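Subject: Handing over the structure

Hello,

Here is the structure I promised to pass on to you. Have a look at it first, and then read on for what turned up in it.

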Amino acid sequence: MVARIVSTRTDAEVSLADTFGSAKATLPGNAVVKEMRETAFGAFAAHGLPHRRIEAWHYTDLRSMMREALPLAPLPDVRALEAVRVELAAAILPAGPRLLIVDGTYVPTLSDALPEGATVRSLADVLAEGRADLIDKLAAAKFAVGDSIVALNAALMQDGVVIEVAPGAVIAEPIHIVYATAAQTPVARFFRSLVVVGAGAKILVTESSLGAGGRVGQTFGALIFDVADRAEVGHTCMMTKTEPGSLRLDTFIAELGADVTFSSFALVHGEGLMRRQLFLRCVGDNTKAALNGVSLLKGRDHADTTLDVEHIGLGCEGRETFRYILDDSATGVFQGRIRVAPGAQKTDGKMMSRALLLSDDVVMNNKPELEIFADDVACGHGATCGGLNEDQLFYMQARGISRAEAESLLLEAFASELADNIGHEGLTAAFRAEVADWLAARTVKG
Amino acid sequence: MLEVKNLTVSIGDRKILDGLNLTVKDGEVAAIMGPNGTGKSTLSYVIAGKPDYTVESGEVLLDGENILEMGADERAAKGVFLAFQYPVEIPGVATMTFLKAALNAQRRQRGEDEMTTPAFAKKVREAAELLGIKNEILKRPLNVGFSGGEKKRMDILQMALLEPAMAILDETDSGLDIDAIRIVAEGVNKLRTGKRSFLLITHYQRLLNYIVPDTVHVMAQGKIVRTGGKELALELEKNGYRDFVTATAAE
Amino acid sequence: MAAVQETVDHVKSLDVTEYKYGFFSQFEMDMAPKGLNEDIVRFISAKKKEPEWLTEWRLEAYRRWVTMEEPDWARVHYPKIDFQDLYYYAAPKTASGPKTLEEVDPDLLKYYAKLGIPLHEQELLAGVEGAQQRRVAVDAVMDSVSVVTTFKAELAKSGVIFCPISEAVHTHPELVKKYLGSVVPTSDNYYATLNSAVFSDGSFVYIPPGVRCPMELSTYFRINEQNTGQFERTLIIADAGSYVSYLEGCTAPQRDENQLHAAVVELVTHDDAEIKYSTVQNWYPGDAEGKGGIYNFVTKRGDCRGKNSKISWTQVETGSAITWKYPSCILRGDNSRGEFYSIAISNGYQQVDSGTKMIHLGKNTTSRIISKGISAGHSQNTYRGQVTAHRKATGARNFTNCDSLLIGQNCGAHTVPYIEARNDSAQFEHEATTSKISDDQLFYCMQRGLSGEEATALIVNGFVRDVLQQLPMEFAVEAQKLIAISLEGSVG
């Protein structure tokens with residue numbers, strides 16, 4: 001175990017190298033960006049796909065789980081786009097402008113304009129233009145250092161959106177980033193988006209997906225928030241509608257200035273292998289950040305949420321609350337690290353993960369971490385896992401409620417308790433509907 | 001004798017005490033009354049030596065000696081005792097352990113012999129009985145899980161053990177029912193002997209029915225605005241603090 | 001109660017950086033040449049007149065060790081150790097081979113008396129305060145060998161075997177052969193494998209079925225020689241329905257260079273048996289600038305092999321420059337229970353990476369982890385723990401509580417728990433907090449007359465109380481003193 005394993009490249013690693021080799025000439029970006037891509041791919045190639053001996057990937061051994069690398073998604077053709085248009089029209093989303101990303105490519109013709117105070121451009125345009133400040137923010141060099149999946153995304157990013165919100169602008173309705181798939185064969189998509197929020201601005205950004213139409217794929221996404229002082233930012237992500245056998249790896253990055261209020265909520269209940277990794281840096285003083293998430297897993301789903309929350313400013317507050325319901329043979333992973341940098345006094349950080357296990361075959365792995373270098377702090381974490389409370393079930397049954405219904409009620413309560421943190425009525429309703437769907441599809445065991 | 005001379009104190013950039021003057025003579029029981037937020041608790045903390053405050057000017061003399069440069073523990077050994085408005089919980093430290101540590105620390109500072117365990121245990125038990133504190137509580141960690149009344153009585157118990165020269169009671173009556181107030185007051189009255197002085201900080205006149213003061217001071221906006229006998233408390237009970245607040249605000 | 005006062009006095013009587021056990025004594029030593037190779041392994045084995053199977057066992061471990069690399073996953077940093085620059089065998093010449101008390105070099109006895117370890121049974125029996133004092137049987141291990149074991153005769157009456165492991169190899173070969181390496185296999189990890197190749201001595205305990213060991217057993221480890229690694233090996237077997245409480249203490253002289261200590265402790269409990277293992281670790285921690293000190297790389301593991309068996313680890317870690325130590329329990333028997341109570345205090349430039357593993361394999365197994373970490377000075381203090389319930393470990397339960405306290409701005413406190421559930425009836429609860437001593441608590445104590453340092457010691461003692469309560473009385477008092485001494489100079 002201690003003897004060093006001399007690793008050979010896996011099939012997936014070999015074909016990723018081929019993909020990069022043949023695509024790099026056509027991937028968007030000026031000379032600086034092309035150089036960045038080369039460096040990033042070099043970093044990926046040096047480490048290869050992450051495996052269990054890489055601490056941050058301890059419970060999601062991608063090297064063994066990702067058997068093959070799919071070809072890069074082509075630009076969607078007219079017919080495919082028409083199908084997406086129909087699908088989009090039928091989608092139920094709360095009011096607000098929509099930005100469509102189809103197979104990793106931003107499609108302005110299917111997207112809405114943003115209200116005054118906010119602008120959107122395609123990542124490809126921004127990379128070609130090469131404005132140094134934006135490229136810098138997109139590179140997010142201070143985050144996820146050494147993470148080879150983030151490096152891979154930087155090397156192969158095809159497109160995405162760059163949203164800029166002017167200082168003081170208040171965008172009333174949520175801006176929806178909607179992901180759709182069009183390719184008829186299994187493909188890999190790489191996208192990266194950036195949201196730059198000016199001082200004192202207010203914005204809510206959502207991420208959701210249209211149905212994949214039964215197509216297996218591999219998705220490597222990244223969303224970066226750069227938030228200036230006093231801004232108020234909300235974010236929701238519905239990681240749903242992925243297919244069994246598919247792979248979705250999302251990286252979420254946020255850098256927060258002073259006196260910022262930031263909250264993010266995610267629902268994970270797709271199928272296949274899913275991982276959300278979140279990197280949050282509270283750089284300014286007195287910022288409040290909340291990260292919440294609910295994962296509903298069944299079948300052979302594997303869902304991993306990994307957090308790295310770094311407190312640098314004085315007097316910041318961090319609240320991370322995550323819940324898991326696991327059924328069948330699903331695997332849940334929660335890794336959360338609170339870091340308090342030297343001098344980040346008066347940090348108040350709390351992290352909690354709770355898991356309900358509904359089947360003999362499930363696996364729940366928890367690794368909450370504290371890394372504290374300042375003395376005047378109040379930080380803590382909690383983690384629990386266990387089954388449904390039998391006393392509660394019995395009590396409800398004694399009142400005439402069937403076991404199945406009693407379980408559903410308890411599960412719904414457990415999953416929905418965090419819904420209030422979403423902070424948007426329409427989105428809360430959408431979340432509740434997803435939970436109800438998941439519960440309805442669940443078969444209760446004796 | 002306690003003399004507070006022209007004391008101006010701030011916390012951050014907010015001035016809380018503003019040139020306050022106050023004298024409590026040996027054996028005197030003085031009460032300070034006043035509306036919320038006038039700096040009554042600040043005064044008690046500054047006398048006891050809480051580090052969060054900045055003394056801008058003035059002196060606090062105990063028997064003629066300025067104590068402002070002393071640490072809280074040195075002041076305690078000199079005989080300053082503060083019964084806290086909110087006594088602090090100390091998890092894991094048994095009450096008996098704490099009491100003994102405090103008593104002996106003070107005796108050491110004064111160059112006195114430490115108390116033997118049997119003598120100490122007897123002293124604590126007697127004092128506890130007078131205050132209606134159950135033996136079982138003395139084994140529990142200090143103030144942890146105690147009710148509001150139990151915490152207040154525990155502070156009075158400490159006062160009885162430590163036999164201070166100058167006892168300051170900060171809102172000791174708050175959160176207590178009538179029976180508890182009576183017990184606490186009896187405890188205090190028993191200690192009204194010889195040179196020992198008391199400073200009672202209270203919002204209501206109620207406590208003063210049980211501990212009858214020699215002097216009543218009214219405090220508003222960081223200073224003493226009126227001084228009188230015990231009848232002043234009754235007057236305040238009737239008319240409230242409004243006159244004083246507006247009077248000083250108009251200055 | 002009295003301890004608080006004693007603590008305070010003790011603090012006052014000491015210089016800030018003085019380590020009470022820092023003295024060194026000159027004894028005539030029998031040493032192996034520096035460095036490590038197969039010949040050295042054979043030399044050690046020959047010195048102990050070991051049977052061939054054990055020599056082979058050691059050689060196999062050595063051969064494996066040379067293919068391994070030092071682990072680097074712990075949060076500790078130190079220059080690479082030159083394993084060829086160490087002595088692997090050092091024994092006081094006068095102490096070769098097991099002896100009765102009468103035969104022990106009087107200088108050695110004096111030396112142990114200076115360490116506060118009384119080895120004279122008569123003195124103990126007479127006791128300073130008469131019958132009140134509890135009797136403790138001691139195995140004193142200095143550098144590579146056991147110097148003396150007390151109360152052997154009396155223990156033998158109840159069938160308890162308590163002797164140096166080097167002696168047990170000869171007197172109870174069947175037990176040693178059966179159990180040695182059965183909990184920590186020779187291939188387990190870098191330091192355990194090294195230990196298997198070169199282990200010198202240590203204690204062997206066997207409690208026969210149904211016997212409650214009539215007194216506490218204790219081993220006192222002392223590193224005396226320079227540039228000498230200490231590799232002791234302890235093996236404790238509690239047969240069905242038996243009980244034993246075992247204490248371990250350790251110190252070393254104050255030296256400028258670092259010294260290596262890589263011990264292995266194996267515990268086995270059969271049906272309904274219980275082992276309570278307590279450690280007060282006070283190896284030399286290095287000076288105020290971080291120079292010198294012991295590298296304490298230790299593998300401790302207990303195997304709850306039988307149903308309803310129990311293993312409880314309690315540790316007070318105040319010493320060593322670097323601590324790398326995870327006393328663990330394998331809960332194999334149904335209804336077995338594992339406990340881990342820990343106080344880890346770091347000051348100066350000490351680095352601690354310690355915790356436990358609770359591996360639930362049997363049904364309805366339970367475990368409890370209480371860890372209190374206190375960091376001061378420039379130290380780094382990490383709790384690292386693992387709780388795993390396997391598929392068939394239905395009804396597994398764990399409760400974990402890890403609290404860290406920081407004193408000063410230049411230290412770090414870290415918590416890294418791995419919590420793994422593989423079945424739905426496992427119920428795990430984990431909570432961790434990090435905080436500092438509150439200003440309100442300090443002020444309250446000082447208002448009552450305690451100095452800043454006294455108040456800190458008192459509050460810290462309260463913070464660790466849950467763990468102190470797990471220690472046998474004499475150890476608890478000792479530990480309380482140590483805590484205060486370890487935190488000296490930490491209050492600004």
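Let me begin with chain C, where buried residues make up 58% of the 492 residues. Please keep in mind as you read that this is a predicted model. The secondary structure of chain C consists of 13 helices and 23 strands. If you take the contacts in chain C between residues at least 6 apart in sequence, 83% of them join residues at least 24 apart.

Chain C also touches chain A: 35 residues of chain C are in contact with 33 residues of chain A. On the chain C side, strand 21 (397-407), strand 22 (412-421) and strand 23 (427-436) each supply at least two residues. Sorted by class, that side of chain C has 14 nonpolar, 14 polar and seven charged residues.

Strand 18 (residues 363-372) of chain A is joined to strand 22 of chain C by six bridges, and the two run antiparallel. To locate one of the bridges, go to A:Met364, whose partner in strand 22 of chain C is C:Ala421.

Next, chain A itself. The domain assignment gives domain 1 (11-284) and domain 2 (389-446) of chain A. Their C-alpha centres lie 31 Å apart, and the contact between them takes 12 residues from domain 1 and 10 residues from domain 2. On the domain 1 side of this contact, strand 7 (202-209), strand 9 (232-239) and strand 11 (261-268) of chain A each supply at least two residues. The residues on that side of domain 1 are six nonpolar, six polar and no charged.

Finally, chain B has an open sheet of six strands to show you, in the order 6-7-8-3-9-10 and with mixed pairing. Which strands stand at the edges? They are strand 6 (80-83) and strand 10 (223-228) of chain B; each has a single partner strand, so one side of each is left without a neighbour in the sheet. Neighbouring strands of the sheet are turned by 20° against each other on average, direction ignored.

Within this sheet, strand 3 (residues 29-33) and strand 8 (residues 197-202) of chain B run parallel and are joined by five bridges. One bridge to look for pairs B:Ala30 with B:Leu199 in strand 8. Helix 6 (residues 148-162) of chain B lies across strand 6 and strand 7 (166-170), running at about 165° to strand 6.

How values were computed
Residues are numbered from 1 along each chain as its sequence is written. Chains are lettered from A and ligands numbered from 1 in the order in which they are written. This is a predicted model: local features need pLDDT of at least 70, side-chain atom pairs count only at pLDDT 80 or more; totals for chains, interfaces and linings use all residues. Domain bounds come from an automatic or database domain assignment. Two residues are in contact if their C-beta atoms, placed from the backbone, lie within 7 Å. Helices (H or I, at least four residues) and strands (E, at least two) are DSSP runs, numbered from the N terminus. Ala, Val, Leu, Ile, Met, Phe, Trp, Tyr, Cys and Pro count as nonpolar, Asp, Glu, Lys and Arg as charged, and the others, Gly among them, as polar. Two strands pair if DSSP finds at least two bridges between them. A residue is buried if 20 or more other C-beta atoms lie within 10 Å of its own, exposed if 12 or fewer, and partly exposed in between; C-beta atoms are placed from the backbone. Axes are lines fitted to C-alpha atoms, for helices over the stretch in contact, and angles run from 0 to 180 degrees between N-to-C directions.
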